[in-house]
Amino acid sequence: MEHRTLQAAADYTQRWRGLEAQLKEAKAERDAAIRAAADDGWTQTDIVKATDLTRETIRRITNPAAAEAVRRAQRRTKQ
């Protein structure tokens with residue numbers, strides 16, 4: 001493989017990592033906004049309509065204990 005090809009692959013990897021970090025930050029901001037909306041009295045249905053996310057996703061965001069329970073169950077089924 002040519003050096004340019006390897007450098008391009010390294011550049012893409014670096015770019016990918018940067019995009020992953022941006023995505024993680026954006027999700028954290030989104031989740032905070034959804035939790036704030038729920039705290040302000042928005043119903044789950046209203047949040048679903050406003051965000052176009054599923055009810056399950058909203059439930060996991062607004063109830064971290066439920067999200068952790070789902071992750072534990074998924075780990076058990078993979079074993």
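Reader: How many salt bridges does the structure hold?

Author: This is a predicted model. A salt bridge here needs a side-chain nitrogen of Lys or Arg within 4 Å of a carboxyl oxygen of Asp or Glu. By that cut-off, the number of salt bridges in the structure is six.

Reader: Which residue forms a salt bridge with Arg 71, and how many residues apart are the two?

Author: The closest N and O atoms of the pair are 3.2 Å apart. The partner is Glu 68.

Reader: Which residues are linked with Glu 68 in a network of salt bridges?

Author: Besides its bridge to Arg 71, Glu 68 forms a salt bridge with Arg 72, with the closest N and O atoms 3.9 Å apart. Glu 68 and Arg 72 are four residues apart in helix H4, about one turn of the helix. Arg 72 is partly exposed, with a relative accessible area of 39%. The network links Glu 68 with Arg 71, Arg 72 and Arg 75.

Reader: How are H1 and H3 oriented to each other, and which residues meet?

Author: Arg 30, Asp 31, Ile 34, Arg 35 and Ala 38 in H1 meet Ile 58, Ile 61 and Thr 62 in H3. The residues of this contact divide into four nonpolar, one polar and three charged. The axes are 9 Å apart and the packing angle is about 85°. H1 and H3 are therefore roughly perpendicular.

Reader: How are H3 and H4 oriented to each other?

Author: Helix H3 covers residues 55-62 and helix H4 residues 64-78, and their axes are 5 Å apart. Glu 56, Arg 59, Arg 60, Ile 61 and Thr 62 in H3 meet Pro 64, Ala 66, Ala 67 and Val 70 in H4. Of the residues in this contact, five are nonpolar, one is polar and three are charged. The angle is about 110°, so H3 and H4 are roughly perpendicular.

Reader: Which residues make up the largest nonpolar core?

Author: In soluble globular proteins, nonpolar side chains tend to be buried together. Here helix H1 (3-39), helix H2 (44-51) and H3 each supply at least two residues of the largest nonpolar core. Val 48, one of its members, is also in contact with Leu 53, Thr 54, Arg 55 and Ile 58, leaving aside neighbours within four places in sequence. The six core residues are Ile 34, Ala 37, Ile 47, Val 48, Ile 58 and Ile 61.

Reader: What distance separates the C-alpha atoms of Lys 78 and Thr 45?

Author: Lys 78 lies in helix H4 and is exposed, with a relative accessible area of 74%. Along the chain, Lys 78 and Thr 45 are 33 residues apart. Their C-alpha atoms are separated by 32 Å.

Terms used
Residues numbered from 1 in each chain as written. Predicted model: local features only at pLDDT ≥ 70, side-chain atom pairs only at ≥ 80, totals over all residues. Heavy atoms only, no water. Axes fitted to C-alpha atoms, helices over the stretch in contact; angles between N-to-C directions. Parallel < 35°, antiparallel > 145°, perpendicular 65-115°, else oblique. Contact = heavy atoms within 4.5 Å. Nonpolar A, V, L, I, M, F, W, Y, C, P; charged D, E, K, R; others polar. Buried < 20%, exposed > 50% of the residue type's maximum accessible area, 1.4 Å probe, protein only. Core = buried A, V, L, I, M, F, W, Y, C linked by side-chain atoms within 4.5 Å.
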